[in-house]
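Trainee: I'm new to this one and could use a guided look. Could you take me through a single part slowly, then show me what else is there?

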Amino acid sequence: MAALPTLLLLALALAITTTNAAAQPTPPQRERLALQAFLAGTPHERSLGWNAPSAPSPCLWFGVVCDASNATVVAVRLPGVGLVGALPASTLGNLRGLRTLSLRSNRLSGPIPADLLALPALRSLYLQGNRLSGRLPGDLPSSLHHLSLSGNELDGEIPESLDGLLELRSLRLDGNKFSGALPSLSALRRLEVFNVSYNRLNGSIPSSLGSRFPRESFAGNLQLCGEPLDRPCDESPSPGVVIPPPVPGNTKKRRLSGAGVTAIAVGAGAGALFALVLFVLCFVHRRRRRDANTNNKMPTPTPTRGFTPSTAPTSGDMGDITSSSKEIAAAAAAAASGGGESQRSRLVFVGNTHKDGYGFDLEDLLRASAEVLGKGGGGTSYKAVLEDGTTTVVVKRLKDVAAGRREFAAAVECHSLITARFCRLPLVLVVCVIASKLCVNWVKELSDCSE
């Protein structure tokens with residue numbers, strides 16, 4: 001029995017709550033129908049949840065705001081919800097108590113309905129970032145405080161009637177295709193935000209606007225002149241050139257993505273590797289050319305064996321015996337190692353002297369001792385004693401001989417280069433190393449030989 005009064009109190013409270021909910025005012029049926037017609041006539045990418053059982057009143061719908069008594073709709077805010085297509089007429093224009101309408105950042109197109117701009121209580125209209133086109137109507141509600149139509153495709157002239165919106169605080173018309181002269185708007189004393197950049201306006205900027213707003217508010221209109229632009233009105237602007245407007249809402253500097261940084265790093269590394277390979281190839285090429293040039297030069301070999309000079313020359317001042325012996329040995333060694341061919345290193349016996357049975361080879365000549373006999377215009381003459389001690393030869397190293405192998409052999413055979421110029425005794429044998437232009441004269445005795 002004690003629980004019965006408690007149950008009666010709960011039932012009474014529930015009945016009172018239900019009665020209050022039923023008695024709570026809701027917007028007129030025409031406003032509900034206007035919202036439903038707008039949503040039905042405008043395709044949208046996401047569900048807004050209107051007419052859901054959990055939201056019987058329009059005041060509970062997403063993006064819809066009513067006044068304090070829920071008697072009328074005062075604001076509709078649907079930014080970036082994927083609205084597509086034209087704004088249907090006779091829908092939102094029937095919300096006579098609407099103060100704020102925000103449909104920005106959608107994909108709405110076509111003209112702005114005239115009944116929407118004729119709402120008597122409309123204070124804020126935000127339609128920026130769509131694809132609206134057509135002209136801006138001149139009969140805008142005088143109650144407007146904020147009008148933002150930037151980033152659309154509106155064209156025509158900016159109406160002079162805007163000067164009658166005395167309560168206007170902000171006017172954003174940038175990023176459209178407005179043309180013609182800019183109205184003075186001198187009566188808009190409360191205007192704090194103003195932007196008509198990136199349109200096709202021309203003429204001079206009214207002083208009532210140029211003195212109050214920065215040049216960014218007028219940029220992108222190449223046919224506008226005057227302050228605050230750095231373009232005096234006496235200059236002829238370039239007609240027909242329009243600078244594209246910046247992307248709305250993207251005022252930050254663009255940064256390279258991770259893929260861009262990676263591509264730059266890879267490109268720099270590949271370039272450095274290519275430069276290194278090119279440097280190595282150039283270095284190797286130059287090294288090979290230098291080695292080839294060095295090999296083409298005939299070096300004077302240092303003989304490991306050769307003529308052993310005697311202790312003193314047999315005649316007077318005939319030069320340095322040691323250096324002359326080295327010169328003979330170098331010539332003989334060059335003859336012995338000249339290309340490795342037997343025809344170039346063998347001794348060629350010319351004339352008839354070889355019939356006497358004399359003979360020796362280049363190895364015997366390399367082991368002989370030598371001394372200088374004299375120097376002449378044709379070259380240097382040396383006395384060489386072979387290892388057997390009984391064979392003495394005169395070696396003459398010719399200089400400045402520019403003849404081939406056969407020409408040189410024929411010249412020696414015919415001309416008898418070895419004459420009594422060096423020895424008064426008759427010659428026994430003449431031997432020539434053709435490759436090095438070295439002539440060896442074999443005589444029986446050299447006691448009477450002189451320079």
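Trainee: How do the residues of the lining of the largest cavity divide into nonpolar, polar and charged?

Mentor: Before we dig in, this is a predicted model, where local features need pLDDT of at least 70, side-chain atom pairs count only at pLDDT 80 or more, and totals for chains, interfaces and linings use all residues. Residues are numbered from 1 along each chain as its sequence is written, and side-chain values use heavy atoms, with hydrogens and water left out.

Now your lining: five residues are nonpolar, two polar and one charged. Here Ala, Val, Leu, Ile, Met, Phe, Trp, Tyr, Cys and Pro count as nonpolar, Asp, Glu, Lys and Arg as charged, and the others, Gly among them, as polar. The residues in question are L87, P88, T91, L92, G93, P113, D115 and L116. A cavity is a set of points, on a 1 Å grid over the protein atoms alone, where a 1.4 Å probe fits but cannot get out, and lining residues have an atom within 4 Å of a point.

Next, some strands. Strand 3 (residues 84–86) runs parallel to strand 5 (residues 107–110), and three bridges join them. A86 sits opposite S109 of strand 5. Strand 5 is also joined, by two bridges, to strand 7 (residues 131–135), again parallel, and there R131 is the bridge partner of S109. Two strands pair if DSSP finds at least two bridges between them; strands (E, at least two residues) and helices (H or I, at least four) are DSSP runs, numbered from the N terminus.

Then there's the largest nonpolar core, with 57 residues, where L103, L162, F194 and F218 have the most contacts inside it. Helix 2, strand 1 and strand 2 (73–77) each supply at least two of its residues, and helix 2 gives the most, with four. Such a core is a set of buried Ala, Val, Leu, Ile, Met, Phe, Trp, Tyr and Cys residues joined through side-chain atoms within 4.5 Å, where buried means under 20% relative accessible area with a 1.4 Å probe, protein chains only.

Last stop: S57, in the loop between helix 2 (29–41) and strand 1 (64–66). S57 counts as buried because its relative accessible area is 13%. Leaving aside residues up to four places away in sequence, S57 touches T26, P27 and R32, with contact meaning heavy atoms within 4.5 Å.

Technical notes:
Buried means under 20% relative accessible area, exposed over 50%, partly exposed in between (1.4 Å probe, protein chains only). On a 1 Å grid over the protein atoms alone, a cavity is a set of points where a 1.4 Å probe fits but cannot get out, and a pocket is an open set with protein on both sides within 12 Å along at least five of seven lines; lining residues have an atom within 4 Å of a point.
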